[in-house]
Structures are given as structure tokens and as C-alpha cells.
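Keep the viewer open as you read.

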Amino acid sequence: MIFDLPNLVLSFCYSYLRINQKPLKMRALQYKIDQLQLFVFLWAVASVIHVVSFIKVLYLNPFAWLTVLTALFVLLRPKKQWLFMLMLVFSICKTFIWMPNIPNHLFFELIINIGILVILLMKLFPSYYYKNHLLKPNNDQLYNAFAPMARVSLIILYLYTVFHKLNTDFLNPELSCGPYLLKGLRSHGLSFIPDSPFVQQLSIYGTFIVELAIPILLLFRSTQRWGILLGLAFHYLLSLHPFNGLYSFSALLFSLYILFTPKKFPSDLVRIINCLRGATDVGNKRFVYLMTTFSILFFLSIMTIIKSDHPIK
């Protein structure tokens, strides 16, 4: 039934346009998105995916549901800074209640959430305390305040993942997680991946190379785009593994990659969307909200179907 969702979406959109008697001609999105709003949007998506990934563990955690609820509002109103900060508070509380048995990447998310929240409070508090709007920083100032911290944290995370793999167990194909992940990928639709000693060794040493190359590429402005592309490809492949925590980890990293994109990236993204839609004139924000909401629901539905036969232990 859920696989019929795309047709339902198209039918709903068609009915929406017919009822409002508007032409089917696409209109350009004159919707200004800055770096802060884009990061806030992606961080909210990742927050929802974290809860969905571990729903069988978090369904009794009230702050998990509050995180999802505020994240959905953030998706519709990424400009509202207080909504984003409220989501961070709920996410931090969710993780503290879940401790100490939490996945490593969600402990990393906790550190990032605390850092962003503290920095935003320090930047916004003077304007509210003195009731002087002239002291209130703009979105670019807020983004530039916490983005370096998150960038450095991500690079340290990658370097640490390489360092902690330098042990005999990881280099042993019978014990290493590399061949184990390949086995899971083969059993989950990627049966074309050969099961040979060479491929097993490649999964081990290839992991070293990729996880070391990504942070090195992200360090330099001229190579950051290649680091992002390599990271997207590598972690998308890992997210196909049946273990739910891996696509949660991928969602976390994908949202952090946006911090390494140039300042004009959000406006370029809007321009690309307009080209894909064949848009010609002024856009409608309700259309953006509608399609964004349905896209997220469709993604979560498909993700749930794919993972449903692999319950969390």
C-alpha cells in the first residue's frame, strides 16, 4: 500500500492545482535560502532519521517524540531560530536519557548539538537581554559562529575512525567489519558484489584509504567538493546495509557536509531546482512546503519498508 504513495502524491497535487484553478505552468522559486537555513533543514531531517532508525529503543523516550515534532516544524519554518534551538534542547535531553547505551555517532551528535546550542545562546542572548535589535546577529554571523566548530569536529571524527581501526582484528578478514558489511550488502540486494579474498582485503584497506582521504580533501577549499562527493558515495553505499544505525550515521554526515560548501551553494541549489522544474516566474511557498513534506514522508516510508525485515536487536 505504501508503494502507491507516489501516485497518491501526484493525484493530490493535481487535485490541488485543479481546485485552485491555477495553470500547470511551473513558477520560479524566488525563495531565498542561506547557509544557516539549509543546514538547519538538513539537521532536522537527520534528527528525524535518528529516531526512526532506533524507534524500537526510543518509543518510550518522550524527548524522542518531542524531537521529531519540533524537527517537523523546523522543516516547515527553517528561519525560526528559536524552533531550531528548541529541537536541539529536546535532542540533547533524548540522548542523555538514552545514555550510556547509545551509538557512537549519536554521542558525537550530542557534542555537536551542545556546541551549537551554547554558541547560539551566546550570540543571541545580548540582543534579548538588552532588548536591542541592533545587537542581534544575522544568519550569516550565526552560521559562521558555529560552523568552524562543527567542521573541525567532523575532521577529528574521521581521523579518529582511521586511528581506532589500526589493530590486528580489523586487518583480519575473519574478524574485520569490512567483509561483514559486504556480506550484509550482498544479502540485501547487492548480490553482484563478489565474495573473494581480494574483495575482502579491498574492503579493509579501501576503508582506510577512503576514511583518510575524506578529511584530507575537506581540509582544503580547492578539494572540498571532491571530499564531499567521495563521502556521499561511500556513506550512501554503507547506508544500504540492513543495520539501521548505518543510514542514521550517513544522515548525520550528509548534513555536516553542507558546512563545507561555498556561500553561494544555497542560491545555486534553488537555481538548479528551478531548472529541473522548468520554472518561469514567481514561486509559491506552499508548493515548496507541500512537496518537501511528501518527499520526507515518502522517504521515511520506503526506508521503513526496506528495514522492516531486519529488526533492531
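**Starting from one buried glutamine**

At 10% relative accessibility, Gln 35 counts as buried, where buried means under 20% relative accessible area, exposed means over 50%, and partly exposed lies in between (1.4 Å probe, protein chains only). Gln 35 belongs to helix 2; helices here are DSSP runs of H or I with at least four residues, strands are runs of E with at least two, and both are numbered from the N terminus. Setting aside neighbours within four places in sequence, Gln 35 is in contact with Tyr 143, Thr 261, Pro 262, Lys 263 and Pro 266, with contact meaning heavy atoms within 4.5 Å. The pair Gln 35 and Pro 266 is 231 residues apart in sequence, yet their C-alpha atoms are 6.3 Å apart in space.

Before going further, a word on what you are looking at. This is a predicted model, in which local features need pLDDT of at least 70 and side-chain atom pairs count only at pLDDT 80 or more, while totals for chains, interfaces and linings use all residues. Residues are numbered from 1 along each chain as its sequence is written, and side-chain values use heavy atoms, with hydrogens and water left out.

How confident is the predictor? The mean pLDDT of the chain is 77, and 73% of its residues reach 70 or more; pLDDT is the predictor's confidence in each residue, from 0 to 100.

Now zoom out to the whole chain. Its secondary structure comes to 14 helices and 0 strands. Buried residues make up 45% of the 313 residues. Among contacts between residues at least 6 apart in sequence, 75% join residues at least 24 apart.

Let us return to helix 2 and look at its partners. Which way do helix 2 and helix 4 run relative to each other, parallel or antiparallel? The axes of helix 2 (residues 35–53) and helix 4 (residues 62–76) come within 9 Å and cross at roughly 150°. Axes are lines fitted to C-alpha atoms, for helices over the stretch in contact, and angles run from 0 to 180 degrees between N-to-C directions. The two helices are therefore roughly antiparallel to each other; the cut-offs are under 35 degrees for roughly parallel, over 145 for roughly antiparallel, 65 to 115 for roughly perpendicular, and oblique for the rest. Helix 2 passes helix 4 in a left-handed crossing, a term used if the near helix is turned anticlockwise from the far one by less than a right angle, with clockwise being right-handed. On the helix 2 side, the residues that meet helix 4 include Val 40, Phe 41 and Ala 44, and their partners in helix 4 include Ala 64, Thr 67 and Val 68. The residues of this contact divide into 11 nonpolar, 2 polar and no charged, counting Ala, Val, Leu, Ile, Met, Phe, Trp, Tyr, Cys and Pro as nonpolar, Asp, Glu, Lys and Arg as charged, and the others, Gly among them, as polar.

Helix 2 also packs with helix 5, at an angle of about 30° and with the axes 11 Å apart. That makes helix 2 roughly parallel to helix 5. This crossing is left-handed as well. Phe 39, Val 40, Trp 43, Ala 44, Ser 47 and Val 51 in helix 2 meet Phe 84, Met 87, Leu 88 and Lys 94 in helix 5. The residues of that contact divide into 8 nonpolar, 1 polar and 1 charged.

The peptide bond from Met 99 to Pro 100 is cis, with omega near 10°, and Pro 100 is found in the loop between helix 5 and helix 6 (104–129). For context, most peptide bonds are trans.

One last stop is Asn 139, in helix 7 (residues 139–164). At 18% relative accessibility, Asn 139 counts as buried. Beyond four places in sequence, Asn 139 touches Asp 34, Leu 36, Gln 37 and Gln 81.
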